[in-house]
Amino acid sequence: MYSGTGTVSDEYIRYILETYSAQIIRLCYTYVKNKEDAEDIAQDVFLELMRRNQQFEDAEYEKAWLMRTAVNKCKNLLKSSRVKRTVPLEDEYTDNDSNPENQKEDNAVRDAVLALPEKYRTVVHLFYFSGMSIKEIAVVTGVNTATVGTRLARGREQLKKILKGEIDL
């Protein structure tokens, strides 16, 4: 996908945007809980990729770099004084399903995931919503695979407690 000249081609940019933009925006949303900020951060991630003229060994490393960069940019934003405001949660995890019962379940799951502590929320999101493996999540988060597995298990347990009685698990 990368051009041989060492510059980012239009085709590669299109591929990256089509492949990763939705995943990165959803990941960022789990941190910043605001659609506009999540979209801004995703744009910053893609600009960083273009600025660095980054070349990847394979698609797994490419995805890990993009997700790790997004996580870092989210954390930087959250540290800034600009985000010391309360923002409403938006409906980012639903697929605009016309079935009200499905929407209710989607909203309950979304709210439950967003209610998790950050270390659990991140691994749950990356595993279930981005389809990353435990090994990939370890690379993105910078923790070992055993820790990712433990956080995933604990996150699931917390989700079960939060969602108990609201939806069928």
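Select helix α6, residues 134-141: Glu136, Ile137, Ala138, Val140 and Thr141 are buried there. Buried means under 20% relative accessible area, with over 50% called exposed and the range in between partly exposed (1.4 Å probe, protein chains only). Helices are DSSP runs of H or I with at least four residues, numbered from the N terminus. This is a predicted model, in which local features need pLDDT of at least 70 and side-chain atom pairs pLDDT 80 or more, while totals for chains, interfaces and linings use all residues. Residues are numbered from 1 along each chain as its sequence is written, and side-chain values use heavy atoms, without hydrogens and water.

Now show what covers the buried residues of α6: α3 (59-79), α5 (118-129) and α7 (145-163) are included.

Next, select α1 (residues 10-32) together with α3. Their axes, lines fitted to C-alpha atoms over the stretch in contact, with angles from 0 to 180 degrees between N-to-C directions, come within 10 Å and cross at roughly 40°. Contact means heavy atoms within 4.5 Å. Among the residues that meet are Tyr12, Leu27 and Cys28 in α1, and Ala59, Leu66 and Cys74 in α3.

A disulfide is a pair of cysteine sulfur atoms within 2.5 Å, and the count here is zero. Cys28 is buried, at a relative accessible area of 0%, and Cys74 is buried, also at 0%.

Definitions and conventions
Helices (H or I, at least four residues) and strands (E, at least two) are DSSP runs, numbered from the N terminus.
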